[in-house]
Amino acid sequence: MPFALIDCNNFYASCERVFDPSLKNRPVVILSNNDGCVIARSAEAKEAGVAMGIPEFKIRSLIRKMNIAVRSSNYALYGDMSMRVMETIKSITPDIEVYSIDEAFVKIPVSSENETTNIGKRIREAVRKHTGIPVSVGIASTKTLAKIANETAKKRSELSGVLYLNHRETVHDVLKETAVGDVWGVGKNYREMLERQAITNAYQLSRMPDSWIRSNMNVVGLRTVWELRGFSCLGIEKGRDNKKGILSSRSFGFPVKSHRNIIESVSSFTTRAGEKLRAQKCVASAVTVTLVTSKYINPGQAYKFGRSVTLPNPTANTSVLVKHATGLASMLFEEGRTYKKAWVMLSGIVPESEIQADLFSGSSYSGKEHRLMESLDKVNGKYGKQLVRPASNGIEQPWKMKQQYLSKKYTTSWDELMRVRAI
DNA sequence: TCTGGGGTCCTAGGACCC
DNA sequence: TCTGGGGTCCTAGGACCC
């Protein structure tokens with residue numbers, strides 16, 4: 001049974017276009033949180049020479065010259081559009097793994113070659129019709145090959161967005177045209193290592209002996225190579241298990257030097273992490289706080305300062321988490337440093353139902369705390385994020401990130417629905 | 001001046017246990 | 001004087017993904 005990978009084309013840019021048709025045929029870029037660097041580009045923006053990941057300040061003149069539209073990232077909008085795309089796919093092929101916000105793997109029930117390609121076409125048309133988002137579909141015998149088929153479908157316009165990579169010779173031809181660094185699972189470091197061995201395309205990689213791959217790229221690399229050869233090693237993963245670590249972090253909107261702002265932001269990120277933790281009905285046993293200064297000012301010098309604490313009792317109580325996190329932040333804080341960012345990470349995550357009561361202190365995450373947190377989440381769910389929050393999070397929160405070019409929450413907020421006028 | 005925010009898995013090495 | 005071997009757990013670090 002072949003795998004298909006459905007991938008939204010330039011997803012964030014496409015989402016912005018659905019609700020703002022003036023962006024059609026115009027180069028569009030989406031900036032990261034804090035409007036720092038480019039994380040998505042329309043096809044026109046790619047052609048105009050905007051590189052992925054480039055800082056916004058480096059392309060200001062290009063933005064003016066090419067009349068590029070700029071948007072801050074609007075995750076409320078993209079998340080909601082993603083859900084609609086996934087629901088549409090599921091209605092055609094229910095055996096689905098939602099791999100990321102803009103990609104899904106599905107299993108295609110066995111049938112003739114023509115029928116398989118047709119399912120791909122049907123998915124593409126349905127998603128376009130229901131959501132306005134263009135997608136490409138790559139189909140092959142393994143997930144890694146389906147990824148490559150998808151890339152090829154995107155590149156070759158004559159395929160109109162769907163490619164079933166089926167026959168052995170075709171697979172080999174496509175692998176020969178695929179740069180080794182474009183293989184799923186080969187990042188920058190492996191690419192450089194492979195190129196030093198004169199392995200430059202996916203076909204060459206697929207012909208390397210197992211033992212060599214095993215010792216140079218470990219078992220993960222070996223799976224990749226087998227998948228390139230057509231042996232499926234990775235299946236559809238449904239409903240991923242709970243997260244093993246929960247991270248909440250943001251860059252600051254301006255360089256932070258004061259102890260107070262550090263404490264406020266760490267307190268606020270911890271609150272957010274606590275919400276995520278409770279959303280998956282878990283408790284955490286450890287908290288790590290990291291304060292980050294600029295790595296560009298003194299290259300080579302330490303710029304991250306982190307510290308962890310193991311909690312006496314695993315908990316999901318925001319107050320307890322905040323107390324420990326801000327304690328760590330105070331220890332890490334040093335007068336005179338200029339901070340750019342802070343992280344709060346919760347780890348040692350276990351389901352609420354598996355907490356062992358502490359025989360001696362009797363102070364594990366109790367029923368009372370649990371009910372308090374539940375009410376808190378309910379109120380915030382109803383009246384807006386963090387309406388009720390620890391005072392230590394601060395009121396004005398001057399360190400908050402910048403989002404200068406934010407579009408509206410067209411699909412998730414009654415106040416920001418699109419207005420349509422008949423003429 | 002200005003450089004994202006999440007995650008995953010694997011490996012090596014140390015501590016500790018019997 | 002001799003100084004094992006097998007196992008687990010934890011952490012740090014490195015690779016990768018979108």
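This is a predicted model: local features need pLDDT of at least 70, side-chain atom pairs count only at pLDDT 80 or more; totals for chains, interfaces and linings use all residues.
Local features were taken only where pLDDT is at least 70 and side-chain atom pairs only at pLDDT 80 or more, whereas totals for chains, interfaces and linings use all residues; side-chain values rest on heavy atoms, with hydrogens and water left out. Residues are numbered from 1 along each chain as its sequence is written, while chains are lettered from A and ligands numbered from 1 in the order in which they are written. Helices (H or I, at least four residues) and strands (E, at least two) are DSSP runs, numbered from the N terminus.

We can begin with the charged pairs. A salt bridge is taken here as a side-chain nitrogen of Lys or Arg within 4 Å of a carboxyl oxygen of Asp or Glu, and the count by this rule is 18. Among them is the bridge between D20 and R71, with an N to O distance of 3.2 Å. This pair links distant parts of the chain, with D20 in the loop between α1 (11–19) and β2 (28–31) and R71 in strand β4 (residues 69–72), 51 residues apart. Both D20 and R71 are buried, where buried means under 20% relative accessible area, exposed over 50% and partly exposed in between (1.4 Å probe, protein chains only). A network of salt bridges joins D20 and R71 with E16.

A second bridge brings the side chains of E97 and K143 together at 2.7 Å, N to O. Because E97 belongs to strand β5 (residues 96–100) and K143 to helix α6 (residues 143–155), the pair ties together parts that are 46 residues apart in sequence. E97 is buried, at a relative accessible area of 2%, and K143 is likewise buried, at 3%. A further bridge joins E177 and R156 at 2.9 Å, N to O. Here E177 sits in helix α7 (residues 168–177) and R156 in the loop between α6 and β8 (162–164), so parts 21 residues apart in sequence are tied together. E177 is exposed, with a relative accessible area of 55%, while R156 is partly exposed at 28%.

DNA strand B is surrounded by 23 residues, the closest being S32, S249, S251, K340 and K341; a residue counts as near if one of its heavy atoms lies within 4 Å of the molecule or strand. Of the atoms of DNA strand B that come within 4 Å of the protein, 73% belong to sugar and phosphate. Phosphate oxygens of DNA strand B lie 2.3 Å from a polar backbone atom of S249, 2.5 Å from a backbone N or O atom of S251 and 2.7 Å from a side-chain N or O atom of K340. At least two residues of this surface come from each of α10 (210–228), β9 (246–256) and β12 (339–347), and β9 gives the largest share, six residues.

Finally, an open sheet of five strands runs in the order β5-β6-β1-β7-β8, with mixed pairing; two strands pair if DSSP finds at least two bridges between them. Strands β5 and β8 form the edges, each pairing on one side only. Direction ignored, neighbouring strands of this sheet are turned by 15 degrees against each other on average, with axes being lines fitted to C-alpha atoms, for helices over the stretch in contact, and angles running from 0 to 180 degrees between N-to-C directions. Within the sheet, β1 (residues 3–8) and β6 (residues 103–107) pair in the antiparallel sense over five bridges, and A4 stands opposite V106 in β6.

Note on methods. A polar contact is a pair of N or O atoms within 3.5 Å; within protein, one must be able to donate a hydrogen and the other to accept it, and residues adjacent in sequence count only if both atoms are side-chain atoms.
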